[in-house]
Amino acid sequence: MITAALRGAEPLAPRRARPAPDVSAIGDLAADCLVMELETWPKPGLVSHVDKGSHDDMDAGTFRRSAEAIKPYLQSLAEAGARGCGMGRLRIIGLDAERAMFAATDGVNTHRGAIFGLGLLCAAAGARAGGLADPVLPLGDVVARRWGAGIIDGPLLLHSHGRAVRRRFHAGGASLEAASGFPSIYRIGLPALRRAMSAVPGDAEAARVEACFALIASVEDTNLLHRGGLDGLRFAHRAARQFIEAGGVRAAGWRERARSIHDSFVARRLSPGGSADLLAMSLFVGAEEGAER
Ligand SMILES: CC(C)(COP(=O)(O)OP(=O)(O)OC[C@H]1O[C@@H](n2cnc3c(N)ncnc32)[C@H](O[C@H]2O[C@H](COP(=O)(O)OP(=O)(O)OP(=O)(O)O)[C@@H](O)[C@H]2O)[C@@H]1O)[C@@H](O)C(=O)NCCC(=O)NCCS
Ligand SMILES: Nc1ncnc2[nH]cnc12
């Protein structure tokens, strides 16, 4: 379902006007993007098809079950967007998706952040497919305009690591990212994907690695703050920035360097789950809007 250019060896298609997407395909595409994120290695500290990174309570199978379980809810969010639903309705579907995720993973939090961010982007894609949003408006702007205020004014989760560290470190987290129209996707994730796809055509996994490192280098990831505090966040930013500044996946020996950074995150038990989610969202937006845009 995901575009061949993002999955494998084909070059990107030239930029062109696209027909309105089919609402019924949005949930499948979003779930495919979650699997593409999983199937990216080396990703510092994160779970992949190769290893469990800094985690001992989840592996690739846990993530695959989770992606499959939340797919129908991502589709429901797209349909709700196409019907013009407000944030209250989206939140109810999002909370149902969280319950389905926990049931599929025996209580492990694999995709709570992705349900939130990717779910809102699915709703935006639905609104666009349903003719309720300007077809040339980026999906992030659709989210910010239609649901930004509802996101900021929404109820807080009572028991979340994110809430505690956001208070302690004054971090914005997933809500601010979404309410601001996903600047990390448009300024960092998508440009990195495009840059790497033209530098190493035919290696879509390398492009995903580049985007993952670029995101880790700048995102204020509440998972890193939760596990490593400010020192952990700074360590992650520095290591990922050095990888990108050394040429990223365009430089000879990049895979060994990326693997060694992955090992250094595992040694510190750091896991940038927010950046992993933003990688999946960048793939989704790239496929919906054209990664070459
Ligand atoms: C509004 C919510 C997002 C509130 O959630 P929370 O209060 O937890 O807020 P955040 O701290 O903002 O983080 C939520 C998750 O978002 C990901 N994330 C982190 N930083 C960012 C960022 N800067 N930008 C975007 N996204 C970010 C991250 O999710 C991923 O990591 C989780 C797995 O991590 P793991 O290391 O396993 O951590 P834990 O299991 O928590 O602990 P330990 O293992 O360390 O013990 C996983 O969820 C990934 O997806 C953050 O965790 C939202 O949840 C909410 O209100 N939901 C209600 C439904 C709703 O409103 N839906 C709207 C329509 S869909
Ligand atoms: N691949 C991954 N590993 C760990 N946490 C994540 N959160 C989202 N994707 C993840």
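Me: Where does helix H3 bend, and by how much?

Reply: This is a predicted model, so take the angle as computed. H3 bends by about 35° at Lys71, and a proline, Pro72, follows within four residues.

Me: What should I know about helices in general when I look at which side faces what?

Reply: An α-helix has 3.6 residues a turn, so residues three or four places apart point the same way.

Me: Which residues touch the most other members of the largest nonpolar core?

Reply: That core has 91 residues, and Leu121 and Phe284 are the ones touching the most other members. Helix H5 (residues 112-129) gives the most to this core, twelve residues. Leaving out residues up to four places away in sequence, Phe284 touches Leu29, Ala30, Cys33, Leu118 and Leu121.

Me: How many residues surround ligand 1, and which are closest?

Reply: There are 38 around ligand 1, and the closest are Gly94, Gly113, Gly162, Gly173 and Gly273. Helices giving two or more residues to this shell include H4 (87-104), H7 (161-169) and H13 (273-289). H5 gives the most, with eight residues. By class, the shell has eleven nonpolar, 18 polar and nine charged residues.

Me: What about ligand 2: which element gives the largest share of its shell?

Reply: That's H13, with three residues. Helix H2 (26-38) and H13 each supply at least two. Among the residues around ligand 2 are Glu37, Leu38, His55, Gly273, Ala276 and Asp277. The classes come out as five nonpolar, four polar and two charged.

Me: Is Val249 buried or exposed?

Reply: For this you count neighbours: 20 or more other C-beta atoms within 10 Å makes a residue buried. Val249 has 24, so it is buried. You'll find Val249 in the loop between H11 and helix H12 (254-268).

Me: What does Val249 contact, if I skip its neighbours within four places in sequence?

Reply: Val249 is in contact with Ala196, Val200, Ala206, Val209, Glu210 and Trp254.

Methods:
Residues are numbered from 1 along each chain as its sequence is written. Chains are lettered from A and ligands numbered from 1 in the order in which they are written. This is a predicted model: local features need pLDDT of at least 70, side-chain atom pairs count only at pLDDT 80 or more; totals for chains, interfaces and linings use all residues. A nonpolar core is a set of buried Ala, Val, Leu, Ile, Met, Phe, Trp, Tyr and Cys residues joined through C-beta atoms within 7 Å. A residue is buried if 20 or more other C-beta atoms lie within 10 Å of its own, exposed if 12 or fewer, and partly exposed in between; C-beta atoms are placed from the backbone. Two residues are in contact if their C-beta atoms, placed from the backbone, lie within 7 Å. A residue is near a molecule or strand if its C-beta atom, placed from the backbone, lies within 6 Å of it. Ala, Val, Leu, Ile, Met, Phe, Trp, Tyr, Cys and Pro count as nonpolar, Asp, Glu, Lys and Arg as charged, and the others, Gly among them, as polar. The bend at a residue is the angle between axes fitted to the seven residues ending there and the seven starting there.
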